[in-house]
Amino acid sequence: MQRREFLGAAGVAGALALAGCEPPPPIEGGFTGIDVARGHALRDGALEAQQPLQRRKTRVVIAGGGVAGLAAARALRLAGIDDFALLELEDTPGGNARGGEVQGIACPLGAHYLPVPGDDAREVQDLLEELGLRRRVAGRWEYDERHLCHSPQERLFFRGEWQDGLLPVHGVGEDTQAQYRRFARRVDALQHAAHFAIPTLRFEITPELLALDAVSFAGWLDREGFGDAHLRWYLDYCCRDDYGAGIAQVSAWAGIHYFASRHGFHAPGEAPAPGDESPERDGILTWPEGNGWLTRRLAAPLGERLHGGQVVVRIAEVRGGVEVDAWDATSKSLVRWQAAHCIVALPVFVAARVVENPPALLRTAAEHIRHAPWLVANVHLRAPLADRPGAAPSWDNVIYNTRGLGYVDARHQALDPTPRATVLSWYRPLGPSGYDTGDGRRLLLERPWTGWRDDLLAELSVPHPDLPALATRIEITRYGHAMAIPAPGLLDRIGPHRMAPDDGARRGRVTAGRLSFAHADWSGYSIFEEAFTRGHLAGTALA
């Protein structure tokens, strides 16, 4: 934060005092959403000495109730397999795509949108059709506009005012604009030279992609002559947003994939390429509770097959099947599940800890994948904020050159335009970047919630000086291992071409014996489409 911005934020309370205003009431809040003690009980070995007091049988155990685990459960149901159990660490499923509410207003606890999927993500397209989000009209697919992000979609607070879009444009020089245009042409050329696809299991790993994977995005930008500060800020923001780490920490493949796997990079003022005039460009689906809207609907049909508060401590292949030991938070006892198969929908570092005699593919993935910590803060406002000049309030609101990624407004999708209380969801990655070089995970554990409250108020008070007086409550959700960081070399190390045929890495399925592995980690980064597709394929393979 620049000095003048800090002084501006710090002066909020002083300004109220000088104006003779009553100081705002204290802001309530705290940590919510994640039971840190459960996960750390596994890490610290506190549950290892216990013996199972109950034994239960089922055909398939799904370990992990994030997007991948829920997708696997749906695939089993669609295949007519009802004899399964899904074991989830938290009380509610969804992983980092859960939703919640503050003061009765729905808001996301993690991921908050889903881009309109392309044809490579056909499993996700099928889900959206099942949920009524898209339908075929006159031979073309149409999406329910109630669930598409309403306009205006995004804006950037830059040089004292709001501008449309997130790429800095107001007052930037011709040299900056020229780099924007040249970067757009470079991304377009790479799109035509290689297949960038979501999910990643749909593209072929070529020498061109491995060359990009071998270097950092920052190093590639240096080599290509992209040194403009505004362009690099935007690219760093995009990487921190999708990967939790900056351009110096993610691979050039990951940095290019962010754009090339969807609709490319478009310089301001440039007309779309011929044939690229689709109105669905950059279309995203979003809800007040974020992707919790999706995960709740995936979980709803599971009924008693969904078991929350389960700490999986052991997964072992035994004669004729598998054993899965899970500590039940309600009964405070260990339950042993016996099944024919287990779908391991856990992050790879957890899977490597609980799977007995982990196969080589799992050991390799766990050795090389590092995860970025994240924080999501939901702040309740008793009334709408006053606004600065420029672009109108949007769904996504970003402040240039700050540690946070800005905020989304939970009421932006509301059809009722009446001004009223709302919740802003502020996102703060803590993975390695130019903003954070310390131990973000330790900071999440040790810092009190009031420290994060103060960071939020200081950052958001720059464009919104009235925010501290309007805020009533702030609830903070911490993710110590939110998402895999696609570091240089990771695609090469965990790609299917590095897995022996016996490992069973075929058409996106990663298997070893009676275990199937399904998690976004196996794609090297974390988005809904990757997790859902891998979970779906793991479930259909058992049909």
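This is a predicted model: local features need pLDDT of at least 70, side-chain atom pairs count only at pLDDT 80 or more; totals for chains, interfaces and linings use all residues.

I started with the largest nonpolar core, which has 62 residues; Phe 183, Phe 217 and Trp 220 have the most contacts inside it.

Elements giving two or more residues are helices 5, 6, 7, 8 and 9, plus strand 10 (154–158), strand 18 (371–381) and strand 22 (471–484). Helix 8 gives the largest share, 8 residues.

Then I clicked on Phe 183. Ignoring neighbours within four places in sequence, I find it in contact with Phe 217, Trp 220, Leu 221, Phe 226, Leu 231, Leu 235, Ile 256, Phe 259 and Phe 265.

On to helix 5, residues 174–193. I get 29 Å from its first C-alpha to its last over 20 residues, close to the expected 28 Å. Its buried residues include Thr 176, Tyr 180, Phe 183, Val 187 and Leu 190. Which way do the buried residues of helix 5 point, seen down its axis? They fall within an arc of 155°, so they line one face of the helix. That buried set packs against helix 6 (207–213), helix 7 (217–224), helix 8 (229–243) and helix 9 (252–260). On the other side of helix 5, I have Asp 175, His 192 and Ala 193 as exposed.

Last stop was His 536, in helix 17 (residues 528–540). Is His 536 buried or exposed? His 536 is buried, at 15% relative accessible area. Beyond four places in sequence, His 536 touches Ala 71, Ala 72, Arg 74, Ala 75 and Glu 123.

Terms used:
Residues are numbered from 1 along each chain as its sequence is written. Side-chain values use heavy atoms; hydrogens and water are left out. Helices (H or I, at least four residues) and strands (E, at least two) are DSSP runs, numbered from the N terminus. Buried means under 20% relative accessible area, exposed over 50%, partly exposed in between (1.4 Å probe, protein chains only). Contact means heavy atoms within 4.5 Å. The expected span of a helix is 1.5 Å times one less than its number of residues. The arc is that of the directions from the helix axis to the C-beta atoms. A nonpolar core is a set of buried Ala, Val, Leu, Ile, Met, Phe, Trp, Tyr and Cys residues joined through side-chain atoms within 4.5 Å.
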